[in-house]
Amino acid sequence: MTTNPTSPPGNTDSVGTVGGPAADAPGSAAGAATATVSPALALTWRPALSAPPPRPADAEPVRWWPLGIALAGALALAAYVWNAHGALPAVLLVLGTGLGFTLFHSRFGFTSAWRQFLAVGNGTGLRAHAVLLGTTATLFALVIGTGTGLFGSTPAPSAGPIGIALFLGAFLFGIGMQLGGACASGTLFAVGSGQSAIVITLVGFIAGSVIYSAAWPLVADLPALPPFLLSDHVGWGGSWAITIALLAALVVGTRAVQNRRVPPPVGAPPSARGALRVVRGSWPLIAGALVLAVLGTAVLVVSGGPWGITSAFNLWGAKALQLIGLHPETWAFWSQPAQAEQLAGPVLQDKNSLTNIGIILGAAVAAGAAGTWKLHTGLSWNLVAAGLAGGILMGIGARLAGGCNIGAYLAGIGSGSLHGWLWAVFALAGTWAGLRARTLFGLGVPKPGDSVC
């Protein structure tokens, strides 16, 4: 999508390019061939694009003050958590910092990937998702199948019930992603990089989570079927094989759609050159997918549960209410034993809170190193309204569905759970609706004639 002053900074949840700068210059014979290939079954290594991918600009100079503050803050907080709460919480915080560093440098997005595919047929981001999901499924099968855990943990898959709450929650989340400009992980790394518009989305996310927990008795008993794990029926080897086959079909399908529609390329963020690219970015999407899969699996190994995000927003909202003298602990949701224990404990012992805080700090370190950290000011009413509405929808949707793009989509499919695939289907439908809702707020949507999407 061409640069649009009405688009929220969170829309830089852009997934970048898979292979870096294009070898074909505009106007060359090879570039023209790339632009005109259209048969749906011409599944070439480089799917059709209406123009060669743009070359990334050189990275800006390092922003030393933001980098120093973020790095010192991450180290100091890790040391404090280790001293106050032990090694496990500190390790989770460090892993979260690595996740944030990777998310920012690879610009690994979920919101933009789905928007680009539905709007103009560019499947670059979805093929990167397939790499992330397939690598995660492989590592999960090895870890959970062998029971390999640290700190006394027993790794367990993520499997959610299948019913109305899942379908409705994923649909609302899909709409919210497109209005808020970022998904759950995108919200955190955008906040870490200084994007003030996404702070509004985060506030809405927390508010939506609180709304859900207050209204929980109304939705607690919606009809649902029990969770369905492939490994319970075909073992971990069979579960892995089926998941990889489905992801391969996704790759082939997105290539076919892209070759038929011939979309504009994905924009390329500024990048360092040579070895400096590791610490200053931007990374190829494939590299980001592989590192995210490894770090996400490490969260499973040390904690016993997959990487998640949105339950922490619910906790943060309840803690905020307690600070101003309200009593969410009396609500039916927080009166449940597990939730009551979570609310009574410190935030810095909560697994998802630790990785979330780490993501914000890691993204701040990465943005400082890349020279892009800065606060965006002068927000217009449409950005604030869309961000708040999108965040609220995502907060409610994630809690209804029992997870977000990370806790349900990534962890669910990586675990071989049917609910992860169904979440994706309904979130994709919500994305379609969200693209139309964006126009109500004056937000841009990629078009076939754009120079980039």
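# Helix packing and nonpolar cores

Helices H8 and H17 cross with a right-handed sense. The model described here is predicted. H8 covers residues 196-214 and H17 covers residues 381-401; they pack at an angle of about 40°, with their axes 6 Å apart. That angle makes H8 oblique to H17. On the H8 side, the contact is made by Ile200, Thr201, Gly204, Phe205, Ala207, Gly208, Ser209, Ile211 and Tyr212. On the H17 side, the residues include Val384, Gly387, Leu388, Gly391, Ile392, Met394 and Gly395, as well as Arg399. By class, this contact of H8 with H17 divides into 12 nonpolar, seven polar and one charged residues.

A second pair is formed by helix H3, residues 87-106, and helix H16, residues 351-370. The crossing of H3 and H16 is right-handed. These two helices pack at an angle of about 45°, and their axes lie 6 Å apart. H3 and H16 are therefore oblique to each other. H3 contributes residues including Pro89, Leu92, Leu93, Gly96, Thr97, Phe101 and Phe104 to the contact, while H16 contributes residues including Lys351, Leu354, Ile357, Gly358, Gly362, Val365 and Ala370. The contact of H3 with H16 has 15 nonpolar, seven polar and one charged residues.

The table sets out the two pairs.

| Helix pair | Angle | Distance between axes |
|---|---|---|
| H8 (residues 196-214) and H17 (residues 381-401) | about 40° | 6 Å |
| H3 (residues 87-106) and H16 (residues 351-370) | about 45° | 6 Å |

Helix H3 also holds Thr102. Thr102 counts as buried because its relative accessibility is 2%, and the cut-off for buried is under 20%. Leaving out residues up to four places away in sequence, Thr102 touches Arg107, Trp283, Gly288, Val291, Leu292 and Leu295.

The largest nonpolar core has 83 residues. Within this core, the residues with the most contacts are Phe108, Trp114, Phe173, Trp307 and Trp423. H16 gives the most to this core, with nine residues. Another core, of eight residues, lies apart from it; among its members are Ile175, Ala386, Ala433 and Phe441.

Not counting residues up to four places away in sequence, Trp114 touches Leu126, His129, Met177, Tyr409, Trp423, Ala424, Ala427, Leu428 and Thr431. One of these, Trp423, is also among the residues with the most contacts inside the largest core.

Conventions: Residues are numbered from 1 along each chain as its sequence is written. This is a predicted model: local features need pLDDT of at least 70, side-chain atom pairs count only at pLDDT 80 or more; totals for chains, interfaces and linings use all residues. Side-chain values use heavy atoms; hydrogens and water are left out. Axes are lines fitted to C-alpha atoms, for helices over the stretch in contact, and angles run from 0 to 180 degrees between N-to-C directions. Helices (H or I, at least four residues) and strands (E, at least two) are DSSP runs, numbered from the N terminus. Angles under 35 degrees count as roughly parallel, over 145 as roughly antiparallel, 65 to 115 as roughly perpendicular and the rest as oblique. A crossing is left-handed if the near helix is turned anticlockwise from the far one by less than a right angle, and right-handed if clockwise. Contact means heavy atoms within 4.5 Å. Ala, Val, Leu, Ile, Met, Phe, Trp, Tyr, Cys and Pro count as nonpolar, Asp, Glu, Lys and Arg as charged, and the others, Gly among them, as polar. A nonpolar core is a set of buried Ala, Val, Leu, Ile, Met, Phe, Trp, Tyr and Cys residues joined through side-chain atoms within 4.5 Å. Buried means under 20% relative accessible area, exposed over 50%, partly exposed in between (1.4 Å probe, protein chains only).
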